[in-house]
Amino acid sequence: IFEAGGNPTHIIVDAHAKQKITGFYEKYITTGRDEKRGGAIITNILTDFGEVEVVFSKWGPAGELSIIDKDKVGWVELRPFNVYERASVGDYMVKDVLGEYGFVVKNEKAHARIYGYSTSA
């Protein structure tokens, strides 16, 4: 990723990978005092190359995670949202909201996808 010009900022994971990542770093969690709560949640990982945010997605495919550079992905407007009047047949108004957006990934080698890992162990 780095050699291709990327700077990873987010890891998008499924439930199993989220639990595994928390397990990897559980011993290294920095905590404050809170007597009413227990457990561990890893939301950011500090690496030699910078901080990476761990993002859970319940719609992600099982056994797959994505590492992205947020500066190289985003939404692009193809057609702005507009409100259009439609014919009414009665005591009401009918309107349509229409717009088009696309999601763009620049420099595809600046991102990574890890797949095929075990989700049972």
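Tutor: The discussion below takes each term in turn, and the model under discussion is a predicted one.

Student: What makes valine 83 exposed or buried?

Tutor: Valine 83 is placed in strand β5. The term exposed requires a relative accessible area over 50%. Valine 83 has 56% relative accessibility, and therefore counts as exposed.

Student: Which residues form the nonpolar patch on the surface?

Tutor: The patch is formed by Trp75, Phe81, Val83, Val97, Tyr101, Phe103 and Val105, which together have about 800 Å² of accessible area. Two elements, β5 (73-86) and β6 (94-105), each give two or more residues to this patch. The largest share, 4 residues, comes from β6.

Student: Why is the pair of phenylalanine 2 and phenylalanine 49 called tilted?

Tutor: The structure holds 3 aromatic pairs. In the pair of phenylalanine 2 and phenylalanine 49, the ring centres are 4.6 Å apart and the planes stand at 40 degrees. Ring centres must lie within 6.5 Å to pair; planes under 30 degrees apart count as stacked and over 60 as edge-to-face, so the remaining angles are tilted. At 40 degrees, the pair is therefore tilted.

Student: Where in the chain do these two phenylalanines lie?

Tutor: Phenylalanine 2 belongs to the segment before β1 (10-13), and phenylalanine 49 to the loop between β2 (44-47) and β3 (50-56). The pair links distant parts of the chain, 47 residues apart. Phenylalanine 2, at 40% relative accessibility, counts as partly exposed, whereas phenylalanine 49, at 58%, is exposed.

Student: How do you know that tryptophan 75 and phenylalanine 103 form an edge-to-face pair?

Tutor: Their centres are 5.0 Å apart, with 70 degrees between the planes. Since an angle over 60 degrees is called edge-to-face, the pair of tryptophan 75 and phenylalanine 103 takes that name. Tryptophan 75 is in strand β5 and phenylalanine 103 in strand β6, 28 residues apart. Tryptophan 75 has a relative accessible area of 64% and is exposed; phenylalanine 103, with 48%, is partly exposed.

Student: What makes the contact between arginine 79 and glutamate 100 a salt bridge?

Tutor: The criterion is a side-chain nitrogen of Lys or Arg within 4 Å of a carboxyl oxygen of Asp or Glu. For arginine 79 and glutamate 100 the N to O distance is 2.7 Å, and the side chains meet in a salt bridge. Arginine 79 lies in strand β5 and glutamate 100 in strand β6, so the pair ties together parts that are 21 residues apart in sequence. Both residues count as partly exposed, arginine 79 at 35% and glutamate 100 at 36%.

Student: How many salt bridges are counted by this rule?

Tutor: The count comes to 5. Among them is the bridge between arginine 113 and glutamate 64, whose closest N and O atoms are 3.2 Å apart. Arginine 113 lies in strand β7 (residues 112-115) and glutamate 64 in strand β4, so this pair ties together parts 49 residues apart in sequence.

Student: How do you know that the charged end of arginine 113 sits over the ring of tyrosine 115?

Tutor: One condition is that CZ of Arg be within 6 Å of the ring centre, and another that it be within 35 degrees of the ring normal. The charged end of arginine 113 is 4.2 Å from the centre of the tyrosine 115 ring, and sits over that ring.

Note on methods. Residues numbered from 1 in each chain as written. Predicted model: local features only at pLDDT ≥ 70, side-chain atom pairs only at ≥ 80, totals over all residues. Heavy atoms only, no water. Patch = residues over 30% accessible without salt bridge, like charges linked within 9 Å, V, L, I, M, F, W, Y side chains within 5 Å. Areas by Shrake-Rupley, 256 points an atom, 1.4 Å probe, with all protein chains shown as cover. Buried < 20%, exposed > 50% of the residue type's maximum accessible area, 1.4 Å probe, protein only. Phe/Tyr/Trp six-rings, centres within 6.5 Å; stacked < 30°, edge-to-face > 60°.
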